[in-house]
Amino acid sequence: MNAARPIIAALVFGLLAPVAVAAQGSVSSRDRFALFAACSPVPVEVFVTNTGGPADITTPAVEGMATSRLQAAGIDAPAGRPGASTLQLSVFVSAQRLSATAVVTVYVIRLRLLKLLYDRQSDPRMGEAGRGSADSPGAAPEWLNWAPTWETPQQGIGFYLGRDGGPVTSLVASMLDEFVREYARVNAEACP
């Protein structure tokens, strides 16, 4: 029975080793398509709609939080700077007072990375004679389109006392942190 223990331990380790390697951050083809940007800076666009919700959930406040998190990770780009990808953060908050102290808050948050992709099927010149493999997407900028490649949406209803925006702000912060972790993991080899 003692001789079987090392064999069982070896089998368990052998089965778990690939899982441990995958958990450390191997990059799949899907991950590369979704998030790889050669470690180039990513501008962020913030859209906030707040109808009766917590007063601290404003475009400047959310934009400041997003910018500071991207700057801390070294991947922020100034707004309006053209690039091959853009991070969009949309926050919708609506609150309704149920009583003098109770407020129900509905929120929808969407964080997504848009990348500039070349749509070969839509390029009418593909059928023209003489178009060869040397042509690049840069030769047909009108066929470049923004498309979401990575997204993490959140929605919910919260019953908060008063008009506390902390739960929604905390959720936005954790979503931004998730993006930064994933972006850093996928772009690690390209970053200095």
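Biologist: In which helix is Asn 187 found?
Modeller: Asn 187 is found in helix H4; helices (H or I, at least four residues) and strands (E, at least two) are DSSP runs, numbered from the N terminus. Please note that this is a predicted model, in which local features need pLDDT of at least 70, side-chain atom pairs count only at pLDDT 80 or more, and totals for chains, interfaces and linings use all residues. Residues are numbered from 1 along each chain as its sequence is written, and side-chain values use heavy atoms, with hydrogens and water left out.

Biologist: Is Asn 187 buried or exposed?
Modeller: Asn 187 has a relative accessible area of 0%, so this residue is buried. Buried means under 20% relative accessible area, exposed over 50%, and partly exposed in between (1.4 Å probe, protein chains only).

Biologist: What does the side chain of Asn 187 reach at 2.8 Å?
Modeller: It reaches the backbone nitrogen of Ala 37. A polar atom of the Asn 187 side chain also lies 3.0 Å from the backbone oxygen of Leu 35.

Biologist: Which residues is Asn 187 in contact with, leaving aside neighbours within four places in sequence?
Modeller: They are Leu 35, Phe 36, Ala 37, Ala 38 and Cys 39, where contact means heavy atoms within 4.5 Å.

Biologist: Now to helix packing. At what angle do the axes of H3 and H4 cross?
Modeller: The axes of H3 (residues 59–73) and H4 (residues 166–187) cross at roughly 30° and come within 10 Å. The helices are therefore roughly parallel, a label for angles under 35 degrees; over 145 is roughly antiparallel, 65 to 115 roughly perpendicular and the rest oblique. Axes are lines fitted to C-alpha atoms, for helices over the stretch in contact, and angles run from 0 to 180 degrees between N-to-C directions.

Biologist: Which residues make that contact?
Modeller: Among them are Val 62, Met 65 and Leu 70 of H3, and Val 172, Leu 176 and Phe 179 of H4.

Biologist: Let us change topic. Where does Gln 88 lie?
Modeller: Gln 88 lies in strand S3 (residues 85–97). Gln 88 counts as buried because its relative accessibility is 13%.

Biologist: Which side chain is joined to that of Gln 88 at 3.0 Å?
Modeller: The side chain of Glu 45 is joined to that of Gln 88. This is a polar contact, a pair of N or O atoms within 3.5 Å; within protein, one must be able to donate a hydrogen and the other to accept it, and residues adjacent in sequence count only if both atoms are side-chain atoms.

Biologist: Finally, how many helices and strands does the chain have?
Modeller: The chain has four helices and five strands.
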